[in-house]
Amino acid sequence: MGDELQLSNISTNELEQCLKCTICTAYCPVAAVTPFYPGPKHAGPDGERYRIKDAKYFDEKALKMCLNCKRCEVACPEGVKIGDIIQAARIKYSTHRPSLRDWTMGNTDLVGSIATRVAPIVNMSLKLKPAKAVMDMMIGLDKTKTMPSYSSQRFETWFKKHALPQQSKYTKKVSYFHGCYVNYNFPKLGQDFVKLMNAIGYGVSLLDKEKCCGVALIANGMSSQAKRQGEVNIKSMTESVSKGMPVLTTSSTCTFTMREEYPHLLQINNDKVKDSLSLATRFIYQLVESGKVNLVFRKDYKKRIAYHSACHMERLGWIIYSTSLLKMIPGVDFVMLDSMCCGQAGTYAFKKENHDVASAIGSPLFKLIEEVHPDLVATDCETCKWQIEMSTSAPVENPISILADALDVEATKALNS
Amino acid sequence: MKFDTIIIGGGLSGLCCGISLAQAGKKVAIAATGQSSLHFFSGSFDMLGYDIQEKEVEHPLEAIAQLPDSHPYRKLDNETLIETATAFSQLLAGAGINVKGSYMANHYRLTPTGLLEPTWLTLEGMAMIDSAGQLKTHKVLLAYPKEFMDLPVDFMEANLKQQGVEVMVKELEDQVFSFRRKSPSEMRATNLAKVLIDENAMSSFAQELNNLGKDNNVDTILLPNIIGWGTSDEFKTLQSKVSKPIRMVATLPPSVCGISVQAKLKQRFEKLGGTFLIGDRVIKGNIQYNRVTDVSTEKLTDEILQANEFVVASGSFRSQGIIANYERVYEPIFDLDIDYTSQRESWYDANVFAAQPYMQFGVKTDGSFRAYKNGVVLENVYAVGSILSGNNSIRLADGTGVDAVTGTAVANIILKK
């Protein structure tokens, strides 16, 4: 057959593979609860055909409603990168200047480093009704939400003081990309990670320079800043990988952003680190499966644990790693929750204009969790944790924290030294 | 990762096979690229609606005995067919899917254009009738939400009238959909079904149907299939609130009842301990001495997925289980042998209404559904469902039947091995 014939699809984000079947829209959590979002098919491949012809067809208001959960991509039978088409259009065509609110929410890193210094005052203010009302009015933060509180000691500070000195005794080493959430809001997850890695015979070090992965910047319309930060991260990670240290994270969203969105949306080349950049549960599962590591669990650990599939975790396709590890704990009564978006989507639910949509999206999940009535909900995403804890009676933990808690540390150490 | 069986494809045939194996205690993984053809489901499973002369079939088993040997059913003897058909009905019941009908004799389903089609099992609540003659004894109220987009009402009315049915057509003004009407593209079956999960919405909807039923002398209310999105049995709830019997008719896709069948089968599979890898694509397999030892997927990049048996349930052209280009028809994962004619001109008939030869193209298998590669049988690779060659599912009305029967039958073949 002649060379002039195009034998396979060559369109960006598989645009031309769309059959217009609308299955993506049936699974879109946003379109399910509001008529003002036209759904992924329309906002994605349908709209893109018009936008290619003329940028005037870019509908800022509609496309901003996309959560970037990627459930449309998981559902698409033809492999169209629907979510990517939408996000790429936002980056390319948006003329919107980030507001003070968007800037505050996007800059998790800078805001976090200031807030942790005055954590008690910030935390108290974040919970006060008058302060919430002012934030609601002035910058459009939803007053019914309680912002995640800040830790008074950053994870990095804790690590240098309490963990760093012991790390040199391990010959096997990994780098830890802790992310903003562990550093500023919830150092305990990072501490659990260090405990677990040390128990299986791995030393932990931090990256030379770590910046926020940029997911919140992309979502809040600051992609050029996200690109700058991403380049810093890739540089630090490349150094780590060249020293034989893989880079591990405890956040599905940071991992997804750095592995998939960097090259795709921000045009950052991550080829040198992608294979060595992994979620901790995946890394540990692979060690256990290959017989290189043995885990011993406490006999008195008994909990009913329901696993929630975070959107980006599902898009990564890595749910099997976290759930397989949790199922290894003998005392765990494991329940797999039906996969549904919780509605938080990073900073989305904190915005006043998204309040109704975000709560409506999450409500079937919250109802299901109350029905299952677990001791703990497990999920790999920190922002799902905020939303589920705010909206149900169940406490939420990252699988790494659950493993660290259930682990018989001494027995595990003895087997893996 | 090691499994007893890995199934490629998470639609009807893959799930039937997976559930049957998991029920027998096997460790099974299903990898599903995107959502399946069940999203185009009519509400009925067809065993064989028409014979090779395109004559309507009354007794499927008798007609199957007359099919050419190339048809997938012909690999099973009569006794095995009956066993498999019975096992499939039990499998549906186990998943909480209630159906009516029997393999002994076809009944009819009502199509969205108001015609009757012979079929095997019909979901509870969907319109069906035992014999065509019974139709004209009915006085039907066809009710649909105002501005509803997914039912060709005029066709349905005209065709029903032509068959002697007394039909009254009413638009529902119900306020429960008013928020959906804010967007002109929103009056779709799946969107309305999501509204009717809410109990208050359901009650209000039932009230309007009662009012209509009371004022009109009808024996049945006919509705588009806009009920049944949630996890509870919403159709039963609606019927319990409405005095006249209600029957539903399939809509344009995505199919609400199909999505529900897909969700229930997947839940059943996971409850039995099966692993469902959602949104992941098997890209290649490792073949040694006529056996597949392992496969790799797009997202579990450095993972070797090993199994004793592999089942290819990846669908036909639409699901990219088989692909046609200008030169050939091929199976993209293992490059299995395909039954097709080499002359491209003979793939299709210029008359679009004629039976299209390409509809019969598919993977070549032996008497136990084992696939061939380069003319040699692969000992542990089975093909099930619409990827099989030898039947034109549009002409014979046997698509879902071939999925269900071959998926379930291959599970038994594997178990007896």
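Helix α15(A) is mostly covered, with 11 of its 14 residues buried. A residue counts as buried if 20 or more other C-beta atoms lie within 10 Å of its own, as exposed if 12 or fewer do, and as partly exposed in between, with C-beta atoms placed from the backbone. Before going further, a word on the model: it is predicted, so local features need pLDDT of at least 70 and side-chain atom pairs count only at pLDDT 80 or more, while totals for chains, interfaces and linings use all residues. Residues are numbered from 1 along each chain as its sequence is written, and chains are lettered from A and ligands numbered from 1 in the order in which they are written. Helices (H or I, at least four residues) and strands (E, at least two) are DSSP runs, numbered from the N terminus.

Let us stay with α15(A) for a moment. The helix covers residues 252-265 of chain A and has a kink of about 35 degrees centred on Met258(A); the bend at a residue is the angle between axes fitted to the seven residues ending there and the seven starting there. Met258(A) is itself one of the buried residues of the helix, and others among them are Phe256(A), Arg259(A), Glu261(A) and Tyr262(A). Just past the end of α15(A), you will find Gln267(A) with a positive phi of about 55 degrees.

Chain A also holds an open sheet of four strands, in the order β2-β1-β3-β4, with parallel pairing. Two strands pair if DSSP finds at least two bridges between them. At the edges are β2 (202-206) and β4 (277-279) of chain A, each of which pairs on one side only. From one strand to the next, the twist averages 40 degrees. Inside this sheet, β3 (residues 247-249) of chain A runs parallel to β4(A), joined by three bridges, and Thr249(A) stands opposite Leu279(A) in β4(A). Helix α12 (residues 187-199) of chain A packs on the sheet, where it touches β1 (172-177) and β2 of chain A, and its direction makes about 145 degrees with that of β2(A). Axes here are lines fitted to C-alpha atoms, for helices over the stretch in contact, and angles run from 0 to 180 degrees between N-to-C directions.

Now turn to chain B, which has 10 helices and 22 strands. Its C-alpha trace spans about 70 × 45 × 40 Å along the principal axes. The radius of gyration of chain B is 22 Å, which agrees with the value near 22 Å for a compact globule of 417 residues; it is taken over C-alpha atoms, and the globule rule is 2.2 Å times the number of residues to the power 0.38. Of the 417 residues of chain B, 51% count as buried. Two residues are in contact if their C-beta atoms, placed from the backbone, lie within 7 Å. Among contacts in chain B between residues at least 6 apart in sequence, 68% join residues at least 24 apart.

Six of its eight residues are buried, so β16(B) is largely enclosed by the rest of the structure. Strand β1 (residues 2-8) of chain B runs parallel to β16(B), joined by six bridges, and Ile8(B) stands opposite Val312(B). Strand β22 (residues 376-383) of chain B is also parallel to β16(B), over three bridges, with Val381(B) as the bridge partner of Phe310(B). The pairing of β15(B) with β16(B) is antiparallel, over two bridges, and here Asp294(B) stands opposite Gln306(B).

Strands β14 (residues 282-288) and β15 (residues 291-297) of chain B are antiparallel over six bridges, and Gly285(B) stands opposite Val295(B). Two residues lie between the strands of this hairpin, in which Tyr289(B) takes a positive phi near 50 degrees.

Finally, where do the chains meet? The contact takes 28 residues from chain B and 25 residues from chain A. On the side of chain B that touches chain A, β13(B) gives the most, with three residues. Ile278(B) lies in β13(B) and is buried, with 22 other C-beta atoms within 10 Å. Leaving aside neighbours within four places in sequence, Ile278(B) is in contact with Val74(A), Glu314(A) and Ala32(B).
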